Structure formats: structure tokens, C-alpha cells
Amino acid sequence: MNLISVENIAKSYGELVLFEGISFGVNKNQKIALIAKNGDGKTSILNILSAKDVPDKGLVNYRKDIRVSFLEQEPDLNPDLTVEQTIFASDNEVLKVILDYENALGNPEDEDTYQKAFEAMDRFEAWDFETQYKQILFKLKLEDLNAKVELLSGGQKKRLALANALINRPDLLILDEPTNHLDLEMIEWLEHYFAKEKMTLFMVTHDRYFLERVCNEILELDNGVLYPYKGNYSYYLEKKQARIEQEALEQHKSKLLFKKELAWMRRQPKARTTKSKSRINDFKVIKEIAHQRRKDHEVQLEINMERIGSKILELHKISKSYPDKLILDQFDYSFTKGERVGIIGKNGTGKSTFLNILAGLDQPDAGKVIVGDTIKFGYYTQKGIATKPGQKVIDVIREFGDYIPLKKGRQISAQQLLERFLFDRKKQYDFVEKLSGGERKRLYLCTVLIQNPNFLILDEPTNDLDIVTLNVLESFLLDFPGCLLVVSHDRYFMDKIVDHLFVFRGDAIIEDFPGNYSDFRAYEDSTLIENRIRKNSTQENPGGKGSWKTADSKNKLSYLEQKEFNSLEKEIQKLEERKKEVEYSFTEGNLSGQDIDAMSIELKSISQSIEIKTERWFELSAMLEG
């Protein structure tokens with residue numbers, strides 16, 4: 001069933017032509033991703049599909065009574081509403097039924113109104129719907145339904161807009177970078193949600209694992225031409241490479257034919273016959289094809305890195321806390337040459353605070369941060385580039401100098417540098433405020449890298465960058481000889497460039513994991529399976545073959561303490577298992593609102609018990625080792 005037909009649309013801004021003659025269709029249950037370079041018109045196409053904008057030419061035909069939801073990068077929410085009021089402010093009929101029922105519960109003396117509301121809940125099957133929307137809010141960490149929108153962070157607003165779009169269950173859901181502002185756990189949940197739900201999606205995303213696991217068709221806008229690929233991201237990469245190779249072969253044939261025809265033309269043939277006229281016209285076409293060049297501008301990042309000394313960056317028992325949150329607690333670490341560390345963890349666990357302390361933008365409450373004399377930081381923050389009103393692209397770069405030193409004593413002008421970052425000469429004299437979000441990020445990345453850093457700190461560098469730029473950035477970082485510290489929710493990106501991870505668990509717990517993100521996920525999954533096996537074997541043989549008597553004779557625990565120590569490990573394992581079960585149950589669709597409230601209380605109680613028992617286990621363990 002066709003939902004939308006797009007026929008020969010075009011869009012331009014002044015002399016800048018984004019695209020023209022673009023046609024495609026969106027059918028029910030398709031999950032389509034649009035891939036293009038920053039500035040080529042991805043967001044413009046999304047705006048046209050969602051009816052926020054109209055094409056300069058062409059038509060967009062919608063199926064009758066189709067409901068479309070659009071998740072923008074910067075959602076427009078009413079700041080005066082609460083989280084729950086925002087959900088109910090949509091035009092979803094089922095939500096209105098739920099709201100009427102909740103109002104009726106508040107006036108039990110009005111039996112007629114209550115009865116009508118109750119019957120409407122049954123008629124619209126709203127009981128399950130209420131459970132589903134609360135589950136979605138819970139998974140997106142929006143538990144406080146009474147929180148005012150104006151007090152939410154940018155990330156929370158994006159997640160609220162996403163929740164709203166999912167809850168409304170439109171015929172077509174249009175998404176602009178849906179994984180931005182989501183932590184890794186949320187992204188994986190969203191992947192699972194889209195994979196199991198029969199939804200029609202049209203999205204722009206730079207998250208390649210998300211593309212791989214969610215999308216079943218990819219549209220690539222390349223040099224003004226739209227190429228469809230009926231498959232996921234792996235299929236797209238394979239077929240695109242084949243297409244490029246075929247184009248190269250055709251171009252080579254055209255060049256050979258051009259040489260042959262050029263020799264014939266130089267003999268100055270007279271166009272006396274129809275055949276001669278046709279051949280001369282064909283020659284003009286052949287000439288155009290032979291002189292075509294793919295506009296695959298690749299960023300060539302050959303920045304000269306300053307020498308790095310023996311002392312790099314040392315953290316000595318650093319601590320940091322806020323009134324309601326502990327971020328770091330006597331954290332120790334010394335970086336070595338060429339170290340490549342990725343940082344992962346849920347939102348709010350202190351990742352950005354940690355980076356700010358390392359870069360000297362924030363101070364620890366206790367401890368020392370010792371920076372080597374030769375270290376020069378390059379810090380890419382989430383705040384983005386700071387520009388002056390009326391500033392042009394070229395002016396931003398020239399603030400760092402007219403010439404930038406490269407390797408082997410070479411240098412490059414500011415204009416040449418911008419060309420390498422995909423800004424042509426004309427684009428360089430555009431005002432910065434005219435740039436797309438991705439182009440601004442690319443310009444900002446350029447300003448960070450050209451300062452010759454030997455210690456790069458990157459806080460979510462992949463947000464808003466197109467896949468072409470991401471591939472180039474990854475290539476640069478793989479060749480970068482200095483130290484690298486990166487926070488990113490882009491799992492594909494992390495897998496390619498980091499050697500080990502700092503896992504921020506919250507409450508100042510930071511684990512050093514020796515591997516990339518996929519290694520970490522595999523380890524976490526295998527640990528969960530092992531715990532289940534251990535739990536089953538413990539139930540079958542509670543006592544086991546060993547006992548407290550077989551412990552090392554040097555241990556200093558009493559009989560009761562030894563018994564407590566042995567039982568604590570089993571209790572913690574059981575609690576961890578129960579915690580996983582409760583968390584997983586929130587993804588199921590068979591919980592009532594009361595069940596969700598009860599299980600939320602249980603989850604909090606379990607977490608507190610794990611914390612208390614773990615602390616006691618460490619205390620007894622220290623005594624045992626002493």
C-alpha cells in the first residue's frame with residue numbers, strides 16, 4: 001500500500017540548487033533511510049515529506065487520511081506543559097479516552113460519566129495503550145510525568161518528542177537523527193522496538209548499526225541523483241561499491257571512444273550526410289561523459305602533530321560531586337602514548353564533567369590532574385562552534401592563521417584547508433548562520449584539528465555529521481598518532497577507533513574494559529548467561545562441594561562472618577538476576593499501570609539492596625585478604 005508518492009520535486013535557495021527531479025515512494029511497513037552529504041538537502045526532503053515545507057517544483061501525493069508524525073532535531077514543544085500534558089496534548093483519540101477516564105476517576109460520585117469513560121476504554125482497547133505509553137516514557141528516562149517542559153534539558157526534550165511520536169503510532173513516522181541525545185541503552189531499546197513493531201519509517205541517521213538493524217531500504221542522494229537500495233546498510237555498501245566500479249568502467253570506455261572520435265573530428269569531416277551529423281552530435285555527448293568527474297570530496301587530514309613527551313596526563317585520586325550526585329571518587333589513571341579510550345555510560349553519569357576536568361575547564365573537588373609539558377589538547381565539545389554575527393566561513397579559519405603547517409614541512413592556506421573539509425571556494429564566503437547543522441559541526445571539527453593537538457578529546461563528535469564525513473573522520477583518527485579520548489553513542493564509530501573503554505556505571509563507579517563496544521556487549525551478554533547457569537546450578541546443589549572450612553587458613557573471618565561472606569555472593573547474584581528480569585519486563589506489553597508502579601518501587605528497592613550487600617561483601621573481602 002502506497003502512503004506517499006514524490007514526483008520530480010526540486011528545491012533551491014537562491015543560486016544554491018539542493019536537488020531537482022527527485023522521485024520516490026513510501027509504502028506501508030517500509031523502513032527507509034535517506035543518506036546524503038551534509039548540505040545536500042536531507043532535512044529539506046524531510047520537511048517536504050512532513051508538509052512543513054513545499055518543493056519549488058514537483059508534487060507530493062499523500063494517501064487519504066494518512067497520519068504523519070515528524071521528529072525534528074530541535075522539537076517545538078510547549079514550555080508551559082508538563083511531560084504528561086505534552087503527551088495528552090496530541091490529537092490521538094485513544095489518549096483523549098484515557099484522559100477522560102482519569103478525570104472520571106477523580107470524580108467517582110458522577111457514576112454516568114465514569115461508566116461512559118470505562119466503556120470507552122474497553123471500546124478503544126485503551127487499557128493496554130496506557131501501559132504502553134508509560135513503558136515508553138520509562139525506557140526513555142522520562143519517569144517524572146509532572147516535570148515542566150521548560151525545565152527539561154535539550155536531550156530530554158528530544159526524548160519527549162520521540163516518545164510522543166511513538167505513542168501516537170502514526171501511519172508514517174519521519175525521523176531526523178532519532179538516536180541523538182539517546183544513551184547506548186536507549187538506542188538498543190529503540191532498535192528492538194522498531195524491529196518488532198510494524199511501523200512505516202522514513203529517517204535520516206548517521207548511526208550505521210541502527211541503519212543495519214532497522215532499515216530495509218536505503219535511498220542515497222549522490223551528486224543530485226537518487227539511488228535506491230533494497231536492503232540494509234551492509235547491502236547498500238556492497239551495491240554502492242559495485243555501482244562506482246561500473247561507473248568507472250563506463251567512464252574508461254567513454255575516454256577510449258572519445259580519443260577515437262577526437263581523431264576522426266580532427267580530420268575535419270564535413271557534415272554532408274545524416275550519418276555524419278549524428279556522429280558529430282554523439283561526439284559532444286561522449287565528450288561530456290568522458291570529462292565527468294565524481295564529486296567525491298574527501299577530507300584529507302594531514303595535520304602536523306606536536307611532539308609528545310614521556311609525561312602525558314596523570315589523574316591522582318580525583319573526586320567530583322554535586323549536591324545530589326557523585327561523579328568521581330578518588331579516581332586514578334595515567335595515560336600512555338598513543339592510547340585510544342572510549343567512554344560509555346548512561347546520560348547523567350558524569351562523562352562530560354570528566355572530560356571538562358581533564359581539559360581544565362572544570363576543577364575536581366579533591367585530587368590532582370597533572371598535564372605533561374608537551375601536551376596540547378584539542379577539545380571538541382557538544383556546545384559546538386562559537387561565531388560572531390555576520391562572520392563568514394573563511395573568517396572562522398583565518399582566526400587561527402592564514403597558513404596551517406602540515407607534515408614534512410609543508411603548509412596549506414586557509415582556503416585550501418576549507419576545500420579539504422568539503423567547503424568549495426564559493427561556500428567559504430557564505431555566512432556561518434547559513435550553514436546546515438552538519439556543516440557547522442564539520443567547520444568546528446576543522447578548527448579543533450588545525451591547532452596541532454597531540455591529545456584529542458571528543459565529546460559526541462558524530463552528532464549531525466553525515467556518513468561520508470564520518471568515514472573520513474574515522475580514517476583520520478585511525479592514523480592519529482597522539483592520545484584520543486572520545487565520548488560517543490555511535491557504536492560503529494567506537495568499534496573502529498578505540499582500544500579500551502571507561503564504562504561509567506553511575507555513583508562514581510568507573511570500569512576499565514579491555515576492548516571496544518561490541519566486545520563489551522558480548523561480555524555483558526555472556527555474563528548474564530553465566531549468572532543464569534550459576535543460579536540454576538546453585539539451586540540444584542545449594543551446598544556445593546566446598547564449604548567455609550576449605551578457605552585459606554590465613555583468612556581472618558569468624559565462622560559467622562565466613563558464612564555471611566559465602567551467602568552474600570549468592571544473594572547479590574539473585575538480586576542482579578531479579579533486577580534484569582524487572583527491567584526486561586518493562587519492555588513487555590502485558591503490564592498494567594499498577595504493575596508498572598509496583599515494579600518501579602521494587603526496582604528501586606533491589607538497587608538499594610545490591611548496593612548495601614556489595615559494600616558489605618567488599619568489607620568482608622578486605623578482611624579475608626588481610
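Glutamate 339 is placed in the loop between strand S11 (325-334) and strand S12 (340-345), where helices (H or I, at least four residues) and strands (E, at least two) are DSSP runs numbered from the N terminus. This is a predicted model, in which local features need pLDDT of at least 70 and side-chain atom pairs count only at pLDDT 80 or more, while totals for chains, interfaces and linings use all residues. Residues are numbered from 1 along each chain as its sequence is written, and side-chain values use heavy atoms, with hydrogens and water left out.

Glutamate 339 is buried and yet has no salt bridge, the nearest side chain of opposite charge being that of arginine 340, 10 Å away. Here buried means under 20% relative accessible area, exposed over 50% and partly exposed in between, with a 1.4 Å probe and protein chains only; a salt bridge is a side-chain nitrogen of Lys or Arg within 4 Å of a carboxyl oxygen of Asp or Glu. For charge, Lys and Arg count as positive and Asp and Glu as negative, whereas His and the chain ends are not counted. The side chain of glutamate 339 does have a polar contact of 2.8 Å with the side chain of histidine 500, a polar contact being a pair of N or O atoms within 3.5 Å of which, within protein, one must be able to donate a hydrogen and the other to accept it, and residues adjacent in sequence count only if both atoms are side-chain atoms. When neighbours within four places in sequence are left aside, glutamate 339 is in contact (heavy atoms within 4.5 Å) with Tyr333, Ser334, Gly482, Cys483, Leu484 and His500.

Tyr333 also belongs to one aromatic cluster, together with Phe331, Phe335, Phe354, Phe377, Phe455, Phe502 and Phe504. Rings of Phe, Tyr and Trp (its six-membered ring) pair if their centres lie within 6.5 Å, and planes under 30 degrees apart count as stacked, over 60 as edge-to-face and the rest as tilted. By this rule the count comes to 22 aromatic pairs. Two of the edge-to-face pairs are set out below.

| Pair | Centre to centre | Angle between planes |
|---|---|---|
| Phenylalanine 354 and phenylalanine 504 | 5.5 Å | 65° |
| Phenylalanine 513 and phenylalanine 520 | 5.5 Å | 80° |

Phenylalanine 354 in helix H11 (residues 351-359) and phenylalanine 504 in strand S19 (residues 500-506) are 150 residues apart, and their pairing links distant parts of the chain. Phenylalanine 354 and phenylalanine 504 are both buried, as are phenylalanine 513 and phenylalanine 520.

Most residues other than glycine have a negative phi. Glutamate 177, although not a glycine, has a positive phi of about 50°; this residue is found in the loop between strand S6 (172-176) and helix H7 (184-196) and is buried, with a relative accessible area of 4%. Alanine 508 likewise has a positive phi, near 70°, and is found in the loop between S19 and strand S20 (509-513), where a relative accessibility of 18% makes alanine 508 count as buried.

Helix H1 (residues 42-49) is largely enclosed by the rest of the structure, because 7 of its 8 residues are buried. Just after H1, alanine 51 takes a positive phi of about 70°.

Over the whole protein there are 19 helices and 20 strands, and 46% of the 626 residues count as buried.
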